[in-house]
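Welcome! Let us walk through this structure together, one residue at a time.

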Amino acid sequence: MRTTFRGALAALALLPALALGAPAASAAPSPSATASGTPAPATKAGTSFLTAVNLSPGQDANVAVSTGDYLYWAFGASDGQTPAVKLTVNLAAGADRHGPQTWSVEVFDGLRRRQACTAGTQNATGDQNTTALQLDCTLREVRTWAEPWSGDPLPGTYYVRLSVTDAPQPDLGLAGSVQLHVAAKGNADNAQPEGGELKAPLVPPVGGGASTAKAAAPAAAEEHWYTGWFSGWNSRWYWTIGGGFLAALAGVLGYHLTRHPRGHRPARYGAVPPQSGPHHHHEGYAERP
């Protein structure tokens, strides 16, 4: 009994030391950031535009992949920048592969329009002796504004899609890894004057990709003298009743305009009109001898 009581006292004596040690452990640096302050590489990738993994500025990606999967990442770009995407695809062991593989990288803007690459290797093919493939894509300079039909890169979210375009059927599902790095040259000071200004970035991100431009405040709707006639929860009842009354009035007026006067209704079909006599003559004509 005394031994149990002494053990309990010793445990109570250790509680202050444990309480003091807890803050020190929680103050340790988060594994999500490196010692230099840059974000730790992302270890996941999305499977569609909506689930694309967002990459912070300066953040890379190091992901274990399965051959044949579509991989999506999202990043933000502002006007004056020239984004560049670089990827390293580590293929499965050559002994496990059954033929060459072709990988492709594509970049889309916030409206999911495919952006052209001004430089870089978008498609790369490796045979069974190849251990890694290098892919890269350099976009055009992001503009401050553009015509809707032009398809020029605008500030906002951009999506990176990595996929296998050609591979033997038995190779689908083999394990591999991908390293992604996104760089951007220039800034807003380098943007060429375009004579216009973009009010908001292209399609604020849904599943990833932080926008780099500020969204504009919604413009107030223009009001006219007839605006109140078509607004309000009960305006449709007024228009329904008024429309029904006008339709009934038009029906009554149409009936009175098209009906025949009383006493002058046409004879029934097949009836013979009455004759005045066997010697009925038309007025103004004489009978021949």
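**A buried loop residue and some salt bridges**

Thr 67 is buried, with a relative accessible area of 6%; buried means under 20% relative accessible area, exposed over 50%, and partly exposed in between, using a 1.4 Å probe and protein chains only. Please keep in mind that this is a predicted model, in which local features need pLDDT of at least 70 and side-chain atom pairs count only at pLDDT 80 or more, while totals for chains, interfaces and linings use all residues. Residues are numbered from 1 along each chain as its sequence is written, and side-chain values use heavy atoms, leaving out hydrogens and water.

Where does Thr 67 lie? You will find Thr 67 in the loop between β2 (61-66) and β3 (71-77); strands are DSSP runs of E with at least two residues, numbered from the N terminus. Not counting residues up to four places away in sequence, Thr 67 touches Gln 101, Trp 103, Val 164, Asp 171, Leu 172, Gly 173 and Leu 174, where contact means heavy atoms within 4.5 Å.

Next come the salt bridges, each a side-chain nitrogen of Lys or Arg within 4 Å of a carboxyl oxygen of Asp or Glu. By this rule there are five salt bridges. Asp 152 forms one with Arg 143 (2.3 Å, N to O) and another with Arg 140 (3.2 Å, N to O). Asp 152 and Arg 140 both lie in the loop between β7 (132-138) and β8 (156-166), so the pair ties together parts that are twelve residues apart in sequence. Asp 152 is buried at 13%, whereas Arg 140 is partly exposed at 30%.

Finally, Glu 106, Arg 114 and Arg 161 are linked in a network of salt bridges.

Note on methods. Helix = DSSP H or I, 4+ residues; strand = E, 2+ residues; numbered from the N terminus.
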